[in-house]
Amino acid sequence: MPTFSKFITSQRGAQQILDSDGYIYSRKKSGDTALTSTWRCAKYNPPTKCKCHIYLALADNSLTLGTQPHNHSADGSVPARQEVLLSLKRIFLTVNTEERERERLVNSLWGVNGSYAPIRAGPRSCPLKEEGIELE
């Protein structure tokens, strides 16, 4: 009988359970009670169509296996792959944020449509100084 191992996150950010045997389960919205939550095998969809379910006792995080067994072997490399994908996603979001910040700065200087926006003298003399960038 599998035991609770840990919660992991899917590529789309959904919470999943990784059991001690290496199987991954996704939360099934229907079938929850005040004492247990229902989770089904992450390979529920075609082509595998695994019908295995587990029930997580909310009081002590113990797992109870449903009536249907798995029709596939466990994939132990999935959590490692998910960690790599999440790391790449974090890096991508960081780079994207820096690019958006640069784009916002350029747009404030040149205008949103790419046309030149003249810099006027006065209290708001330079958008670069507003951004904390000093000119020599």
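L18 stands opposite I24 in β3. This is a predicted model in which local features need pLDDT of at least 70, side-chain atom pairs count only at pLDDT 80 or more, and totals for chains, interfaces and linings use all residues. Residues are numbered from 1 along each chain as its sequence is written, and side-chain values use heavy atoms, with hydrogens and water left out.

Helices (H or I, at least four residues) and strands (E, at least two) are DSSP runs, numbered from the N terminus. Two strands pair if DSSP finds at least two bridges between them.

| Strand pair | Sense | Bridges |
|---|---|---|
| β2 (residues 15-19) and β3 (residues 24-27) | antiparallel | 3 bridges |
| β3 and β4 | antiparallel | 3 bridges |

A hairpin is formed by β2 and β3, with 4 residues between them. In its turn, G22 has a positive phi of about 95°. S26 has R40 in β4 as its bridge partner.

Contact means heavy atoms within 4.5 Å. Not counting residues up to four places away in sequence, C52 touches Y25, W39, R40, C41, L65, Q68, P69 and H70.

H72 lies in the loop between β6 (63-65) and α1 (78-110). H72 counts as buried because its relative accessibility is 18%; buried means under 20% relative accessible area, exposed over 50%, and partly exposed in between (1.4 Å probe, protein chains only). Leaving aside neighbours within four places in sequence, H72 is in contact with Y23, C41, K43, T48 and C50.
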